[in-house]
Amino acid sequence: MEEVEFKRVHDPCLQSDMTTSTSTDTTPRRVRVREPIIVGAGPSGLAAAACLKNQGVPAMILERANCIASLWQFRTYDRLRLHLPKQFCQLPLMPFPVDFPTYPTKDQFLSYLESYAKNFDLKPVFNTTVVSVEFDGLCGLWRVKTKSIEYLCQWLIVATGENAEEVVPRLEGLNEFNGPIVHTSSYKRGECFHHKSVLVVGCGNSGMEVCLDLCNYNAFPSLVVRDSLHVLPQEMFWMSTFGLSIWLLKWLPIRIVDPFLLFVSRIMIGDTSHLGLNRPKLGPLELKSIYGKTPVLDVGTLAKIRSGDIKVFPKIKKVACHNVEFVDGRIEKFDAIILATGYRSNVPTWLKDTNLFSEKDGYPKKKFPNGWKGDHGLYAVGFTKRGLLGTSIEATKVAEDIAPQWKLI
Ligand SMILES: Cc1cc2nc3c(=O)[nH]c(=O)nc-3n(C[C@H](O)[C@H](O)[C@H](O)COP(=O)(O)OP(=O)(O)OC[C@H]3O[C@@H](n4cnc5c(N)ncnc54)[C@H](O)[C@@H]3O)c2cc1C
């Protein structure tokens with residue numbers, strides 16, 4: 001980490017500080033940093049730093065948690081494996097170890113990330129939450145505020161991720177529910193739900209997998225399926241459905257690949273609509289490319305729904321003390337509720353710049369592959385709705401863009 005305390009004379013940004021600071025005020029210390037600042041030490045922040053290092057550019061990574069990849073360390077369940085095969089999840093410049101399985105476990109993925117950070121000698125500044133960032137047009141630098149220091153830098157890379165904060169839905173009566181309400185980010189395993197009736201709200205990959213985990217711990221899970229969704233087998237023709245889709249898209253348009261995937265799915269997993277899982281009108285790849293909605297890759301949950309071990313309910317109407325009422329009029333008693341309702345970006349809460357990121361959802365306004373670069377040295381890595389594959393593509397582009405500028409200073 002290279003910090004340069006600039007002479008205050010001649011620097012308009014630091015001069016303004018001198019005029020406002022007194023010995024008693026709590027204005028953060030100002031530090032001019034020559035290298036790019038990366039916010040977030042998840043896979044995206046690490047990938048960006050490694051790619052920069054590979055181009056001879058050092059970087060400073062600021063991370064609010066006390067470790068790298070805090071999402072994977074603290075906010076994921078025990079049975080989690082990568083949903084996609086390892087070749088689509090490796091970060092740039094360092095493949096997964098050959099002896100890792102096709103779908104590495106959470107611990108294997110974490111050990112890979114630890115080795116990655118070690119290999120590129122990445123040392124994030126931990127326990128440092130970025131609370132506000134704005135561009136100072138006067139000195140042409142980004143003002144990056146943490147609680148105790150204000151950094152000034154020329155390049156800012158936002159890598160705080162699509163999963164920065166939990167989404168908790170507004171459900172009438174939820175506060176009155178007389179049992180535990182847990183977001184999947186706090187769910188580890190089904191042990192404490194043994195013989196309990198548990199309602200899982202949300203049917204993405206996490207909600208589906210948590211239901212399966214609950215079954216394995218002899219709980220009685222029910223799944224709320226509010227919208228239509230595509231469930232696809234994780235593998236087709238002895239290869240991953242994801243890999244097969246990418247390969248087919250090289251030769252064929254989406255309008256042919258989508259019906260093909262649905263045809264094979266129907267043969268392999270049957271009609272899902274009679275299970276309460278209606279398919280959207282748009283095909284899985286088209287839905288992903290237009291709305292970023294990821295299809296669910298079945299890891300065994302469908303069989304449990306079919307056998308009746310997992311019940312399916314429609315949208316919730318309201319929650320009461322012990323009961324939940326659904327829009328179809330059914331009322332059921334539950335001991336616990338698990339919210340598999342996803343996450344959101346936190347960028348609008350701290351980045352005072354609306355040129356690259358939308359204030360509404362905290363994602364880049366321009367869709368992939370054009371959402372990685374803004375004005376004045378602002379970059380984004382990891383907001384493509386394309387998982388770690390998107391991260392790798394963007395981290396490489398950002399480093400290639402910054403390197404020639406760095407060499408000029
Ligand atoms: C259960 C689950 C399974 C998944 N499985 C896959 C998969 O198999 N394949 C795949 O490609 N993707 C998967 N994903 C998507 C996942 O988003 C990526 O794998 C990856 O974690 C994204 O990395 P990231 O660095 O962009 O974000 P994150 O991993 O979320 O890292 C962002 C970091 O920024 C930090 N941060 C946030 N705000 C601030 C702030 N203001 N100041 C300082 N630091 C801050 C956070 O603490 C965090 O450490 C999965 C996601 C989940 C939730």
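Residues are numbered from 1 along each chain as its sequence is written. The model is predicted, and local features need pLDDT of at least 70, side-chain atom pairs count only at pLDDT 80 or more, and totals for chains, interfaces and linings use all residues. Helices (H or I, at least four residues) and strands (E, at least two) are DSSP runs, numbered from the N terminus. Two strands pair if DSSP finds at least two bridges between them.

Strand β5 (residues 132–136) runs antiparallel to strand β6 (residues 141–145), and 5 bridges join them. F135 stands opposite W142 in β6. The two strands, β5 and β6, form a hairpin with 4 residues between them. In that turn, G140 has a positive phi of about 70 degrees. On to the next strand: β6 is joined by 4 bridges to strand β7 (residues 149–153), again running antiparallel. V144 has Y151 as its bridge partner in β7. A hairpin of 3 residues links β6 to β7.

An open sheet of 5 strands has the order β10-β21-β11-β12-β17, with parallel pairing. Its edge strands, β10 (181–183) and β17 (311–313), each pair on one side only. Neighbouring strands of this sheet are turned by 25 degrees against each other on average, direction ignored. Axes here are lines fitted to C-alpha atoms, for helices over the stretch in contact, and angles run from 0 to 180 degrees between N-to-C directions. Within the sheet, strand β11 (residues 197–201) and strand β12 (residues 220–224) pair in the parallel sense over 5 bridges. V201 has V224 as its bridge partner in β12. Helix α5 (residues 205–216) lies across β11, β12 and β21 (336–339). The helix α5 runs at about 165 degrees to β12.

Helix α11 (residues 387–408) has 22 residues, which should span 32 Å at 1.5 Å a residue. The expected span is 1.5 Å times one less than the number of residues. The end C-alpha atoms of α11 are 33 Å apart, which agrees. α11 bends by about 25 degrees at I402, and a proline, P404, follows within four residues. The bend is the angle between axes fitted to the seven residues ending at a residue and the seven starting there.

Buried residues of α11 include L388, G390, A395 and I402. A residue is buried if 20 or more other C-beta atoms lie within 10 Å of its own, exposed if 12 or fewer, and partly exposed in between, with C-beta atoms placed from the backbone. Among the elements covering the buried residues are α2 (43–54), β8 (156–158) and β23 (378–380). The axes of α2 and α11 come within 8 Å and cross at roughly 35 degrees. Residues of α2 that meet α11 include A47, C51 and L52.

Strand β18 (residues 316–319) and strand β19 (residues 323–326) run antiparallel, joined by 3 bridges. K318 has E325 as its bridge partner in β19. A hairpin with 3 residues between the strands is formed by β18 and β19.

P233 is found in strand β13 (residues 231–233). This proline, P233, is partly exposed, with 17 other C-beta atoms within 10 Å. Beyond its neighbours within four places in sequence, P233 is in contact (C-beta atoms, placed from the backbone, within 7 Å) with residues including T241, S265 and D298.

Key
Two residues are in contact if their C-beta atoms, placed from the backbone, lie within 7 Å.
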